Amino acid sequence: MATTLTKEPSRAAAQHARPPRRRLGERPNWLGGTISWIWLLVVIVPIYWIVITSFKSQSNYYAENPFAPPSEPTLTNYQMVIESGFIRYFVNSLVVAIGAVAPAVAVSFMAAYAIVRGGGSRFLRSTNSLFLMGLAIPLQATVIPIYLIIIRLHLYDTLLALILPSIAFAIPLSVLVLSNFIRDVPKELFESMRLDGASEWGTLWHLALPLTRPAVVTVTIYNALAIWNGFLLPLILTQSPEQRTLPLALASFQGQYSINVPAVLAAVVLTTLPILVLYVLGRRQLLAGLTAGFSK
Amino acid sequence: MSVIPLPSGRNVPPAASSGGRGASALPWLAVPALAFFVGFGVIPLIGVLLLSFTSWDGLGDISVTGFDSWRAVLADPGLPHALWVTFLVMALSWLVQTPASILIGVFLAGQQRYRAVLAVLYFIPLLLSSAAIAITYKALLDPNFGLGAGLEIDLLVQDWLGEPALAIGVVIFVVSWQFIPFHSLLYQGGVRQIPRSMFEAAELDGAGRVRKFFSITLPQLKYTIITSSTLMVVGSLTFFDLIYVLTAGGPGDATRVLAIDMYKRGFQANLMGPASAIACILVLVGLVLALLLRRLGGRDASASQLEGA
């Protein structure tokens, strides 16, 4: 909503305009501070526990204080997880995530560009309303017909069965966020591109895309996260272990080895690692873009 | 997720100004997205309504059976129970998350450097899949192998997921654990957009911190509160993964929310007709809630929250 006041060419610029430092001598916000630090503990303690426990042997796990670092760190849990097929599941998740996110962001960007630039057209206006309606509907409610469609397309138990609905589910929010950002590109720039004789496609590619790159990164990471962590579609649309994605593999691994807590937690760490890397790489843009996109 | 309505036509040049050679190409750019969304969004949405008037076991033929599924579902005491549990989870998770997120967001909006570090760490739960979180808490709360047994603290040694009331409490806690960080960041963004001048004016009038919070911060956050609440409320309808892995709807039916009810009827009991009827109810509840929240925000929620500032 800051951007309704500021009209910089890109929201990234608006993000840098931080309010001035609070005046010194203001009393500290004890209540907010206390709750924030307590909640930080609540967030961090389980994560600390996951990481240290994943390096303990099963026998040490029962013998040691749960919060003590492992006395004899071991990688056997990780070895066990990897040997039980997690490389396969990892590759599956990667195929689904890339296979769904790349087309989802591409078609969403094209649609967002068309909606912003051609808002006068009735077709584009109703397309936009349709996507907005999609935001209000819990799309999980549509899994039964999706299951039927996938069966009829003979795609049941394939990775493509996961990719197609994932693209559709990603579109409404992606179009909303991207169109909010494209709308902030000054009209004069579009106008001058037009006077230079650029086609709509050229304008999209050479003007809109470079200026909204932070938004594209945000949307990409956000969708990748949602699809990487998706559980319901794989649960319903696949059945053989060869087509499993990580969250589903995690659940069945836990069912199999529920007694071996360290191994289960090693599996949790391994499935989260790629996302953690992505987060470290794109953190700034994700944090800035996500809140800006939602608070529009 | 949420409805964040945009007035169509805002900032849009009149059609004539975008005339010329590119104009007719524009609608085509929207076609691929539209095709995907219609194929795997709109058609399934219509399909779910149609399937609720049929009988199908998930494998064999689909036969039209009129209102049989609806009659069965509406007469089943499981439905009011599932609605009640869904509502309970929604209301409790909102009640826990909203005040905490606002307080944390206001705090994080300050400028000290360590608050930025806090924001980074806060984000971690959002990276984990619901399945991973559910599995972690299942292990953590296990009465025999979990934290309570390990630390030998009797208070923590409870059958957390075996007692209906405790299981609901655990679900609320885990949901809060997962999502409070995200909503805090939303509020942090909202607070940073309140003009400093408003606080300064209030300070000149001698307003204290509490007074400023209730007279300026909270009213100025109105639209952030609506956005965040919409995400929480509509999102709570889709807590499938978490509950499915954590409790599978149990113990008994204690945490059997609508989404779990739909899955169990459809994919475990192979009654796709009644499951589709439940799915229709789920869609209806989502739409009604989104519209209600939108009404709360006034007709034009995308207008600046700073108007009149």
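Tutor: Let us begin with the word contact, which means heavy atoms within 4.5 Å. In chain B of this predicted model, residues 24 or more positions apart account for 70% of the contacts with a separation of 6 or more.

Student: What makes residues of chain A and chain B part of the contact between them?

Tutor: The cut-off is heavy atoms within 4.5 Å. The contact takes 118 residues from chain A and 115 residues from chain B, so these residues are counted because they meet that cut-off.

Student: How many salt bridges does the rule find across the interface of chain A and chain B?

Tutor: The rule finds 0. By class, the side of chain A that touches chain B has 81 nonpolar, 20 polar and 17 charged residues.

Student: How much area do chain A and chain B bury between them?

Tutor: They bury about 10700 Å², with 75% of it on carbon and sulfur atoms. Helix α2 (residues 30-54) of chain A gives the largest share of the side that touches chain B, 15 residues.

Student: Why are 55% of the residues of chain B called buried?

Tutor: Buried means under 20% relative accessible area. Of the 309 residues of chain B, 55% count as buried, and therefore they fall under that cut-off.

Technical notes: Residues are numbered from 1 along each chain as its sequence is written. Chains are lettered from A and ligands numbered from 1 in the order in which they are written. This is a predicted model: local features need pLDDT of at least 70, side-chain atom pairs count only at pLDDT 80 or more; totals for chains, interfaces and linings use all residues. Side-chain values use heavy atoms; hydrogens and water are left out. Buried area is the accessible area (1.4 Å probe) that two parts lose on being put together, summed over both. A salt bridge is a side-chain nitrogen of Lys or Arg within 4 Å of a carboxyl oxygen of Asp or Glu. Helices (H or I, at least four residues) and strands (E, at least two) are DSSP runs, numbered from the N terminus. Ala, Val, Leu, Ile, Met, Phe, Trp, Tyr, Cys and Pro count as nonpolar, Asp, Glu, Lys and Arg as charged, and the others, Gly among them, as polar. Buried means under 20% relative accessible area, exposed over 50%, partly exposed in between (1.4 Å probe, protein chains only).
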